[in-house]
Amino acid sequence: MHVATLLPRNLLAHLRIVLGDSHSLSAATDPAELHSMLRVGDADLLVLDPAVRDGELADAVEEIIAGHPSLPVIIYTTLAPASMRLVVRLARLGVQHVVLNRFDDEPRCFLELIERVPAHAVAELMLEELATQLQALPVVLARAIEQLVRSPSRARNSQELATMAGMTLRTLYRHLTPVGLQPRHLIVCARLLRAYTYIRGPGSRLKEVALKLGYADPSQMSEQLRDWTGYAAKDIRRLLAPEEFVRLLAEHLRRADAEEEEDEVEPV
């Protein structure tokens, strides 16, 4: 998981301890830097203190949250009247999770919240589609696939997915093939789920979305979206509700894996 932050030094230092080596972190020093970070990077979670710099950045913070409605947010702040007023203000934007320094930021509990909050709706819908297959896999592999679907930047290729699951690439294929899944298809599927979230956001641009997700050429993302759904990116934005988009991706995932399996069967 990749966490973007806008925090004072003491809270940032504690958050680094909470995340440890399990997750990556990018720290912005002001709203302008945070905005640039979110525009070019694929963050899974935003952790911020609206009271940073005595609340003088509150308007800019509110604007960033409003401009990224699909990005999960945790407010991490200190207990004080001014910060609580800002928390109430951000709650009107739908921010639900608040962690108070020295009260409920014990590392284990804080990390559990961080790992539970990131839940883009389409990612959860896809995991529901894959539930039967995931149940047939070893727990460590099912967990790795869940992390991939929720955080596609965790694995850029099959070898990285195998590493996430703590197994060799050969073992990864040995477990996935019987349940009709292929690593490279899962990776593409996870990227397209995140692409859908971004392209439906206000003011999104296909080029920026593609670069954010690691595509060297934006046309590659557009072609994959069309191949997997039958719709152009601009039409996906207008016509496909989350449930329908996930259904089309799931159908293509199963169809592609079935066709690949048939291609591997030698003629009698």
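**Close-up 1. Glu208 and its salt-bridge partner Arg39 in the predicted model.** Glu208 has a relative accessibility of 26% and therefore counts as partly exposed. Arg39, at 37%, is likewise classed as partly exposed. Their side chains meet in a salt bridge, with an N to O distance of 3.7 Å. Because Arg39 belongs to helix α2 and Glu208 to helix α12, the pair ties together parts that are 169 residues apart in sequence.

**Close-up 2. The salt bridge between Asp42 and Arg194.** The closest N and O atoms of Asp42 and Arg194 are 2.7 Å apart. Asp42 sits in the loop between α2 and β3, whereas Arg194 is part of helix α11 (residues 183-199), so that distant parts of the chain, 152 residues apart, are linked. Both Asp42 and Arg194 are buried.

**Close-up 3. The two sides of helix α2 (residues 31-40).** Pro31, Leu34, Met37 and Leu38 are the buried residues of α2. They lie on the same side of the helix because they cover an arc of only 120° around its axis. Among the elements that cover them are β1 (2-6), β2 (24-28), β3 (45-48), α3 (58-67) and α12 (206-212). Ala32 and Val40, on the other side of α2, are exposed. At the start of α2, a side-chain oxygen of Asp30 comes to within 3.1 Å of the backbone nitrogen of Ala32.

**Close-up 4. Parallel strands β4 (residues 73-77) and β5 (residues 97-100).** The two strands are joined by 4 bridges. Ile75 has Val98 as its bridge partner in β5. From β4 the chain passes through helix α4 (residues 81-91) to β5, forming a right-handed β-α-β crossover.

Key:
Residues are numbered from 1 along each chain as its sequence is written. This is a predicted model: local features need pLDDT of at least 70, side-chain atom pairs count only at pLDDT 80 or more; totals for chains, interfaces and linings use all residues. Side-chain values use heavy atoms; hydrogens and water are left out. Buried means under 20% relative accessible area, exposed over 50%, partly exposed in between (1.4 Å probe, protein chains only). The arc is that of the directions from the helix axis to the C-beta atoms. Contact means heavy atoms within 4.5 Å. A polar contact is a pair of N or O atoms within 3.5 Å; within protein, one must be able to donate a hydrogen and the other to accept it, and residues adjacent in sequence count only if both atoms are side-chain atoms. Two strands pair if DSSP finds at least two bridges between them. A crossover is right-handed if, with the strands pointing away from the viewer, the path from the first strand over the helix to the second runs clockwise. A salt bridge is a side-chain nitrogen of Lys or Arg within 4 Å of a carboxyl oxygen of Asp or Glu.
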